[in-house]
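I opened a notebook for this structure and wrote down each thing as I looked it up. The entries below follow the order in which I went through the chains.

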Amino acid sequence: MQLFFEQLLNGLAIGSIYALITLGLALVYGILRILHVAHAAVYTVGAYVGLAIYSHTSTLLLAIPGSMVVCALIGVAIERLVYFPLLKYPPYVPLISSIALFLSLEELCRIIAGPELLTFPAALPFPSFSAGGVRVSGTLVAVYVVTALVLAILWFITSKTEFGLAMRAASQDMDVASSLGVDSRRVVDAMFAIGSAIASIAGILVAIYYNQVYSTMGTMPAYKTLALIVVGGMGSVPGAVVASILLGLGETLLIGFANIPMPRDALAFIAMIIVLMWKPAGLLGRG
Amino acid sequence: MDYFATVATLIVIQAIAACGLNVIVGYAGQISLGHAAFFGIGAYASAMLTTKAGLTFWQALPAALLITMLLGFLLGLPSLRVREDFLAITTIGINFIVEAVFIYTPFFGGALGIGGIPRVVVMGGRLGNNQFLALCLVFLVLSLALCRQFARAWAGLACFAVREDETAASSMGISPVRAKLSAFVLGTGMAGLAGTLYAHYARFISAGDFGFPVSISIMSMVVLGGMGTLFGPLLGAMIIGILPEIFRPLIDYRMFIYSVLLLLMIRFQPGGLLGDSSLVVGLLKSLKKLVKPKNIANPREIGGDGDV
Amino acid sequence: MSRALLEVHGISVVFGGLRAVDDVSFEIHDREILGLLGPNGAGKTTCFNAISGVYPPTLGDILLDGARTNGAPPHGMARLGVGRTFQIVRPFSGLSVRENVIVALGGPRYRGNLLRSLTSWRKKGIADEAGAILDRVGLLDVADRTSGQLPIGSLRRVEIARALALSPRLLLLDESFSGLRSTEIAQIEELIRSIREDGVSVLLIEHNMKVAMGLSDRVVVLDHGRKLAEGKPSEVASNQAVIEAYLGRGERGNVA
């Protein structure tokens, strides 16, 4: 039973990190209808930049915000230089460009930082505790707290602020929103900045959680998160979060705990196919 | 000459697979990012039939094609009914799942793969490298002829119409699902053919040969050469096949150069090298005009406003 | 008046709780031009889409030549001889004008026998057949241009040409006059009359009241998804409810 709870907590942490990556993808799909595969490269860059700042300054208080700023800028650059000019083409054009961009950024990380596995020996300043014989490490607590905080802030922005209203209007219909005086371009810029900054947080959390940074750490998330936004309902941010956490739990409990002989990374796609057959609009899809 | 034959054979095999993907993406406008799965299914089917069931290459080939096309039909049917964005994702999923099935099933040789695949025998003699290259070339020519015929057939026209506008196509009496499925099955069949040839070329296969990166590489060939053009996939396969040989000294930067090249291509020339608005085609045409400065006045340019 | 070609029996179309079309009935007879009118959002296009098979009516029946057709997909309706155009034109942009028409000439070759669907469409006879239709709508001189480059007036003709290539018994025209100049309008009016002379029935949605009233034998007026009036153009034009539906909402429609 103790093992079960430990796995449950690990699964929740992995699911939280999936959620932090996937929600950026869901935001972008919701407004531009682009499958932003390169988002996972932003997450990788986030981990590297965080590590670089940390190894020079030894403080996460500089590493995390610094990495967020760099990733936000990269995200906006991707949107302006690649996606926006390609919106007039059929959807496979931005999709393939996104995959190419993803591979390029991944390779760039490898060329600059080297092919070897780097460590990220930072401790997240959160207390660990034990309950009923189950030890919850400070890192796990940090993952939960940071995820909850990010989700709360995002919820506040989207539902309580004027900017959130503009964002929701733009994701309904960008042209209509523009005609109502919403500056759609700025909304899209801001969304890429927010999504990318959150991805960098996810990158740093993963790097510390596993104590590893490597150039291909984004490969599996890149495609898994596509399956997750289908499961969650294309463009639904709450759906993406729910699907992510369920997948994190499923991966650790079904494969890690129940020992079902199945490749861990195929689970997301199997779940996607089941959901597509049973509820094609996704768990929380809009119809 | 052996080095040349080895490189050339692989290019020809990949060109066949790329032609198949071009039918799906270029003709019918359906984004498939799991083409390597069908390439792999063809290879595994032929490898199993020759090593375990003792068939010859020529007996295994039609069976492998049938198996690939049948699986293409079964996997395509649900995927093609959903929204077009979903197809890209479901085909990625198909690729990962098929690869996982090959790795995790002992029946398919597991992580070790299948070895000892026999050479192709023609009229009692085993084919050498150059002869096998010639055989692959014959299949490439047949594939190109098939693509050309498909583009001229009503079934192909139905695909073009669906690619341009699905709603309008269906109001012209075309069943979009049937049109997309015909392209999907033909395309996967050609991937199966390429896979069968690959199995007898490599003579040892494992799941990693058919992973998602291979799908991306086949897609790059089609994009680079020009989607929907007849010879684009062949040109793309040649470029992507020859580049690593040229960039051998830069082997560390190879993937980076590729992906940046692909990015620049799709960003600035989404039609590909042989596509409609291509710089290359434009250059060739203006060269042609320079050489033959007749027929300059085009009567169609006059009534530009279309007011009849 | 001859027998009914199309009978619409009390159809309703409901999207999520919203009744876009509510219990509408009408008939179209052989060689009749019926105008389907109404202010924006009255449910005209929804009605059209139900008839052409885009979505089945939630309630009610649609009968073509006495046979129930609701539930048939759009390509099924096209095969039964119902041709349509779209309010927002949908050309096959990458194909030439002639190829656009050839697509609609495929007919039975798109279904059933696989070998037949593998025969070539690049034949002189077929190109000529398409040419004849293009000649009729006045597009022969641009037949080999890419359709995506044409102006709206020509695209509306491409849509009519494609629908004609189906050899339809019933032609559904969704605002085929919008965006056209007055000379073009007169030409298309003439074209529609000549199509009717060939024995085709026409159901048209039209915003331009003058055109609709002049062209139609009878009109049906919808408002808020319900049928408001039906009859000869002159009768309907003096109908108080119709005038209110248009003028009351400040529509610019000029009830002639």
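Entry 1: I began with the term I would need: a residue is buried if 20 or more other C-beta atoms lie within 10 Å of its own, exposed if 12 or fewer, and partly exposed in between, with C-beta atoms placed from the backbone. I noted that this is a predicted model, in which local features need pLDDT of at least 70 and side-chain atom pairs count only at pLDDT 80 or more, while totals for chains, interfaces and linings use all residues. Residues are numbered from 1 along each chain as its sequence is written, and chains are lettered from A and ligands numbered from 1 in the order in which they are written.

Is Ala13(A) buried or exposed? Ala13(A) counts as buried, because it has 25 C-beta neighbours inside 10 Å. I found Ala13(A) in helix α1 (residues 2-32) of chain A; helices (H or I, at least four residues) and strands (E, at least two) are DSSP runs, numbered from the N terminus. Leaving out residues up to four places away in sequence, Ala13(A) touches Leu140(A), Val143(A), Tyr144(A) and Tyr209(A), where contact means that the C-beta atoms of two residues, placed from the backbone, lie within 7 Å. I also looked up Val141(A), which is 128 residues from Ala13(A) along the chain, although their C-alpha atoms are separated by 8.7 Å.

**Entry 2: two helix pairs.** Two packed helices are described by the angle between their axes and the distance between the axes. Here axes are lines fitted to C-alpha atoms, for helices over the stretch in contact, and angles run from 0 to 180 degrees between N-to-C directions. In chain A, the axes of α5 (residues 138-160) and α6 (residues 162-172) come within 5 Å and cross at roughly 75 degrees. That makes α5(A) roughly perpendicular to α6(A), since angles under 35 degrees count as roughly parallel, over 145 as roughly antiparallel, 65 to 115 as roughly perpendicular and the rest as oblique. On the α5(A) side I listed Ile157(A), Thr158(A), Ser159(A) and Lys160(A), which meet Phe163(A), Gly164(A), Met167(A) and Arg168(A) in α6(A).

**Entry 3: strands of chain C.** I found an open sheet of 4 strands in the order β2-β1-β4-β5 (chain C), with antiparallel pairing; two strands pair if DSSP finds at least two bridges between them. The edges are held by β2 (18-29) and β5 (67-68) of chain C, each with a single partner strand, so one side of each is left without a neighbour in the sheet. Strand β1 (residues 4-15) of chain C pairs with β2(C) over 8 bridges in the antiparallel sense, and Glu7(C) stands opposite Glu27(C) in β2(C).

I then turned to β7 (residues 170-174) of chain C, where 5 of its 5 residues are buried. Leu170(C), Leu172(C) and Asp174(C) point one way from β7(C), while Leu171(C) and Leu173(C) point the other way. Strand β6 (residues 82-84) of chain C pairs with β7(C) in the parallel sense over 3 bridges, and 5 bridges join β7(C) to β8 (residues 201-205) of chain C, also running parallel.

**Entry 4: where the chains meet.** Which chains have the most contacts among the 2 pairs that touch? The pair is chains B and C, with 24 residues of chain B in contact with 37 residues of chain C. On the side of chain B that touches chain C, the largest share, 7 residues, comes from α6(B). The contact of chain A with chain B takes 35 residues from chain A and 30 residues from chain B. The largest share of chain A's side, 13 residues, comes from α4(A), and by class that side has 31 nonpolar, 2 polar and 2 charged residues. No contact joins chain A and chain C, whose closest C-alpha atoms lie 10 Å apart.

Methods
Nonpolar A, V, L, I, M, F, W, Y, C, P; charged D, E, K, R; others polar.
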